[in-house]
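Please keep the sequence and the structure in view while reading.

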Amino acid sequence: MAEEAAVASTPPQSSMPPLGSSVIPLVNKLQDIFAKLGSQSTIELLQVAVVESQSSGKSSVLESLVGRDFLPRGSDICTRRPLVLQLLQTKRKPDGCDEEYGEFLHLPGKRFYDFSDIRSEIQAETDREAGGNKGVSDKQIRLKIFSPNVLDITLVDLPGITKVSVGD
């Protein structure tokens with residue numbers, strides 16, 4: 001009798017993917033298209049945005065979610081453009097070798113396997129748009145990180161709130 005009750009209370013196993021697993025890639029693609037077109041129209045979905053004063057560790061929080069160091073660092077203002085970071089979980093390879101890489105929207109098809117190169121590209125793209133004298137821009141940098149070690153989520157790293165102006 002007790003065995004029958006335990007069997008009856010076991011939920012049936014479903015072969016259906018989790019709710020939203022097919023929607024997230026579609027929404028990410030639509031957001032990329034809107035960003036390329038420069039459209040002010042966007043799909044309003046929940047995103048995690050990190051906001052705090054300058055040099056308070058916002059970027060470090062995002063890096064800890066990815067498990068890699070790849071964002072600009074320094075004693076001055078480092079995040080000078082919004083970084084929209086799409087984390088996309090990939091399947092683990094059967095041989096146990098995890099392939100992790102990043103792709104920027106402004107460099108379609110180019111994969112960055114070395115995360116220090118991702119940092120360098122963020123810095124270079126920031127300087128191209130905001131200048132080399134600590135200027136700040138509202139134009140987004142869009143980066144996708146593909147890894148079996150992340151969850152599918154979109155995060156936004158914003159420039160810090162400053163009380164004293166620096167540079168431009």
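Beyond its neighbours within four places in sequence, Gln-140 is in contact with Arg-81, Pro-82 and Val-84. These contacts come from a predicted model. Gln-140 sits in the loop between helix 4 (115–130) and strand 5. Its side chain makes a polar contact with the side chain of Arg-142, at 2.9 Å. Thr-126 lies 14 residues away from Gln-140 in sequence, and the C-alpha to C-alpha distance is 9.4 Å.

Is Gln-140 buried or partly exposed? Gln-140 has 39% relative accessibility, so it counts as partly exposed. Buried would require under 20%, and exposed over 50%.

Now to strand 5, residues 141–147. Here 7 of the 7 residues are buried, so the strand is largely enclosed by the rest of the structure. Both faces are covered. One side carries Ile-141, Leu-143, Ile-145 and Ser-147. The other carries Arg-142, Lys-144 and Phe-146.

Which strands are joined to strand 5 by bridges? The table gives strand 2 and strand 3.

| Strand joined to strand 5 | Bridges | Direction |
|---|---|---|
| Strand 2 (residues 83–89) | 7 bridges | parallel |
| Strand 3 (residues 101–104) | 4 bridges | antiparallel |

Gln-86 has Lys-144 as its bridge partner in strand 5. For Gly-102, the bridge partner in strand 5 is Ile-145.

Terms used:
Residues are numbered from 1 along each chain as its sequence is written. This is a predicted model: local features need pLDDT of at least 70, side-chain atom pairs count only at pLDDT 80 or more; totals for chains, interfaces and linings use all residues. Side-chain values use heavy atoms; hydrogens and water are left out. Buried means under 20% relative accessible area, exposed over 50%, partly exposed in between (1.4 Å probe, protein chains only). Helices (H or I, at least four residues) and strands (E, at least two) are DSSP runs, numbered from the N terminus. Two strands pair if DSSP finds at least two bridges between them. Contact means heavy atoms within 4.5 Å. A polar contact is a pair of N or O atoms within 3.5 Å; within protein, one must be able to donate a hydrogen and the other to accept it, and residues adjacent in sequence count only if both atoms are side-chain atoms.
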